[in-house]
Amino acid sequence: MSEFERSRTMPALPELIFNQVSDPDGLNNWLPGDLHVHTGTPPAVTVHEERTGHDVRALFRARPDQLRAEWGTRDEGAYAGWLQVAGIGSGASEVTVHLSFFDESHVPSEDAVHASLDQSLDRLAEQVRMYTEHAD
C-alpha cells in the first residue's frame, strides 16, 4: 500500500471550507482538473480519469460532525482518500488531504500524486477565497 498526504492552511472558518468540500455536485470545483465526477444516487459517484480515459465507480461520503469527506473506489478497492478540515484559531483552518493506493501496480508516480494533491488544495483555496470575497 502507498499513502500520500498534503496539508494547507486557509484563512477561513472550518465549516465554510467543509461546505465547499462536502457538496458532491461541487467536487469538480476543487478536484484536480484531470478528474471529473458525475454524481449518482448518494453516496455513489462516477469518476472519469482523463489520464486513463476510464470511468471508475466510486463512493463519496461527507461526515459533517467530523468535518471530513471520504471517498474510494466501489468495485476493485484500488484507492481511497479523505479530506479533513480543522480549525486552528483566528478564523483559519488546516485542510489535510490523504490518498491510499491498495494496488501497487496502479500507483502513479510520487511527483504526480503530490502535484494532484497540491492542485486540489490550490483549487479549494481559490473556491474558499471567492466565496469569502462574495460573502463580505
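Pro14, Leu16, Ile17, Phe18, Gln20, Val21 and Ser22 are the buried residues of helix H1. The model described here is predicted. Seven strands form an open sheet with antiparallel pairing, and H1, residues 14-22, lies across several of these strands. The largest pocket holds about 820 Å³ of space, and helix H2 (110-135) is one of the elements that supply its lining.

**The sheet as a whole**

- Read across the open sheet, the strand order is E1-E7-E6-E5-E4-E3-E2.
- At the edges stand strand E1 (2-10) and strand E2 (35-39), each of which pairs on one side only.
- On average, neighbouring strands of the sheet are turned by 25° against each other, direction ignored.

**Strands E1, E6 and E7**

- E1 and E7 run antiparallel and are joined by nine bridges; within this pairing, Met10 stands opposite Ser93 of E7.
- E7 also pairs with E6, in the antiparallel sense and over 10 bridges, and Leu83 has Val97 of E7 opposite it.
- E7 is mostly covered, with nine of its 10 residues buried.
- A hairpin is formed by E6 and E7, with two residues between them.
- Ser90 is found in the loop between E6 and E7 and has a positive phi of about 55°, although it is not a glycine.
- Ser90 is exposed, because its relative accessible area is 85%, and the cut-off for exposed is over 50%.

- Strand E3 (residues 44-49) and strand E4 (residues 54-63) run antiparallel, with six bridges joining them.
- Two positions mark this pairing: Ala44 has Leu59 in E4 as its bridge partner, and Val47 stands opposite Val56 in E4.
- E3 and E4 form a hairpin with four residues between them, and Gly53 in the turn has a positive phi of about 75°.
- E4 is joined to E5 by six bridges, and these two strands run antiparallel; here Ala58 stands opposite Thr73 in E5.
- The hairpin of E4 and E5 has four residues between the strands.
- Leu67 sits in the loop between E4 and E5; its phi is positive, about 50°, although Leu67 is not a glycine.
- Leu67 counts as buried because its relative accessibility is 17%, and buried means under 20%.
- In the loop between E2 and E3 lies Pro43, which a cis peptide bond joins to Pro42, with omega at about 10°.

**Helix H1 against the sheet**

- H1 lies across E1, E4, strand E5 (68-73), strand E6 (79-89) and strand E7 (92-101).
- The helix runs at about 160° to E6.
- Seven of the nine residues of H1 are buried, so the helix is largely enclosed by the rest of the structure.

**Val85, a buried residue of E6**

- Val85 has its place in strand E6 and, with a relative accessibility of 3%, counts as buried.
- Leaving aside residues up to four places away in sequence, Val85 touches Pro14, Ile17, Phe18, Leu67, Ser93, Glu94 and Val95.
- Among these contacts, Pro14, Ile17 and Phe18 are also listed as buried residues of H1.
- Val85 and Met10 are 75 residues apart along the chain, while their C-alpha atoms are separated by 9.8 Å.

**Ser120 in helix H2**

- Helix H2 contains Ser120, which counts as buried at 6% relative accessibility.
- The residues that Ser120 touches, not counting those up to four places away in sequence, are Trp30, Leu31 and Pro32.

**The largest pocket**

- The space in the largest pocket comes to about 820 Å³, and 34 residues line this pocket.
- Of these lining residues, Leu35, Glu49, Arg51, Tyr79 and Phe101 are the closest to the centre of the pocket.
- At least two lining residues come from each of E2, E3, E4, E5, E7 and helix H2.
- By type, the lining divides into 22 nonpolar, seven polar and five charged residues.

Notes: Residues numbered from 1 in each chain as written. Predicted model: local features only at pLDDT ≥ 70, side-chain atom pairs only at ≥ 80, totals over all residues. Heavy atoms only, no water. Pairing = 2+ DSSP bridges. Axes fitted to C-alpha atoms, helices over the stretch in contact; angles between N-to-C directions. Contact = heavy atoms within 4.5 Å. Buried < 20%, exposed > 50% of the residue type's maximum accessible area, 1.4 Å probe, protein only. 1 Å grid on protein atoms, 1.4 Å probe; cavity = no way out; pocket = protein on both sides within 12 Å on 5 of 7 lines; lining within 4 Å. Points joined across faces, edges and corners; volume = space filled by probe spheres on them. Nonpolar A, V, L, I, M, F, W, Y, C, P; charged D, E, K, R; others polar.
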